[in-house]
Amino acid sequence: MTIEVWLERRAEDMARLLGRLVAVDSENPPGRALGRCAEVLREEMDRLGLAPEIIPVADPAGGSADPCVVRGTAGDGDGLVYFHGHFDVVPAQDRAQFTPVRRDGRIIGRGTADMKGGIVSMLYGAAAAKALGLLGAGRIVLHLVCDEETGSVAGAGHLRAAGLIDPAALAMLTAEPSGGGIWNAARGAVSVRVDIQGREAHVGQAHRGVNAFQHMLHIARPVERYAAELAERHTGFPLNPADAPGSMLVVGGASGSGANFNVVPGAAYFTVDGRYNPEEDLEAELRRLTALIEGAAEEVGATVSVRTTQLQPSAGTGQDHPAAATLARVVGDVEGAPARFELCAGILETRWYAQLGIPAFGYGPGRLDVSHGPDEYVEEAAMRRCAAVYARYASAMLA
Ligand SMILES: [Zn+2]
């Protein structure tokens, strides 16, 4: 039996599993129902013979419900390929998104594209490869984490810290909504929060205060110029036509100041969030950004503190790497069209594996342009094609 026929016969089971997963409102933040979602995964993986275990992890932000990683295995040889996914979803625009709708070959609902549909493809791809005896002397290890939408330190970070990611692995795939492309690179992230101290005073005695808001305006100026400069530093990795080639910096994504309109603001803050191309040196850029902020503060005698809230490396596997070439061939065979490589505009969990030297790729059935939105959906046929890619890729790498 071919992989495609094996999967076609399980089309109803795949749709039913996705429906079950969408119905669990694993919104993150705040990290709701994570344990409940993991239990559904454990049950289904057990039924598929994927030897699931649930690994409890630290609470990412406080208030999460039973955060954990679900780990499973197909095959038992030495060679190793990782399938990685996350079962948390971004908060819904409407509660109705947790009632899955199946219509016109699509399944509609929160998390269908990002990335519960991709998880279903991974589970069935692994099960198909195992059932059809395609894994030779190797195995697939599945890692399903609970906190990708809030930084993935508790989930993937735990796997990394606990030594559960084997650096000798041949490849890693994550089922993010790449819309048919192969994400072989992703940007890195640097986020900081800037706090400015002033002194409060009544509006009638404003001269006795120190206006933290005015200082903030002065300090934000050079950061805006820096953002414009970054936008001009273009990546050499191929891009989706909808994306821009420069590194991205958002100044003031969150900001605030003051106690009331009639008081000189005694404190102010703003955030800076950067997505840097893989070519950039993140540590050097963070030093540069900090120096710009501190220099501007000094000019006006402002008291300022800069706190790094996120520093995530970029990731990139060259498209001439053998593990990349094999993936391109498999995708081309299944899709009937040449595969295209792209830089992912955001950050990807491939970084946790790429840092260990493992070739790592994002490839999933969902589309990025509907992910996180009110009309999120996944095509059922795309889920099955993607499952076929996963099964064939594991077979090509391991057999
Ligand atoms: Zn995702």
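In this predicted model, Pro-30 sits in the loop between H2 and H3. A cis peptide bond links Pro-29 to Pro-30, with omega at about 10 degrees. Pro-29 is also found in the loop between H2 and H3. The peptide bond from Asn-28 to Pro-29 is cis as well, and its omega is near -5 degrees.

Helix H3 covers residues 34–47. It has 14 residues. From the first C-alpha to the last, H3 reaches 20 Å, close to the 20 Å expected at 1.5 Å a residue. The buried residues of H3 are Leu-34, Cys-37, Ala-38, Leu-41, Glu-44 and Met-45. These residues cover an arc of only 130 degrees around the axis, which puts them on the same side of H3. An α-helix has 3.6 residues a turn, so residues three or four places apart point the same way. Just after H3 comes Gly-49, with a positive phi of about 75 degrees.

Asp-66 has a phi near 55 degrees. Asp-66 belongs to the loop between E1 and E2. It is partly exposed, because 17 other C-beta atoms lie within 10 Å, and a residue must have 20 or more to count as buried. Ser-152 is not a glycine either, yet its phi is positive, at about 60 degrees. Ser-152 lies in the loop between E6 and helix H5 (156–161). Ser-152 has 24 C-beta neighbours inside 10 Å and therefore counts as buried.

The last feature is a helix pair. Two packed helices are described by the angle between their axes and the distance between the axes. Helix H6 (residues 212–231) packs with helix H7 (residues 282–299) at an angle of about 145 degrees. The axes of H6 and H7 are 9 Å apart. Their crossing is right-handed. On the H6 side, the contact is made by His-215, His-218, Ile-219, Arg-221, Pro-222, Val-223 and Tyr-226. On the H7 side, Leu-289, Leu-292, Ile-293, Ala-296 and Ala-297 take part. By class, the contact of H6 with H7 has 9 nonpolar, 2 polar and 1 charged residues.

Notes. Residues numbered from 1 in each chain as written. Predicted model: local features only at pLDDT ≥ 70, side-chain atom pairs only at ≥ 80, totals over all residues. Helix = DSSP H or I, 4+ residues; strand = E, 2+ residues; numbered from the N terminus. Expected span 1.5 Å × (residues − 1). Buried ≥ 20, exposed ≤ 12 C-beta atoms within 10 Å, placed from the backbone. Arc of directions from axis to C-beta. Axes fitted to C-alpha atoms, helices over the stretch in contact; angles between N-to-C directions. Left-handed = near helix turned anticlockwise from the far one by under 90°. Contact = placed C-beta atoms within 7 Å. Nonpolar A, V, L, I, M, F, W, Y, C, P; charged D, E, K, R; others polar.
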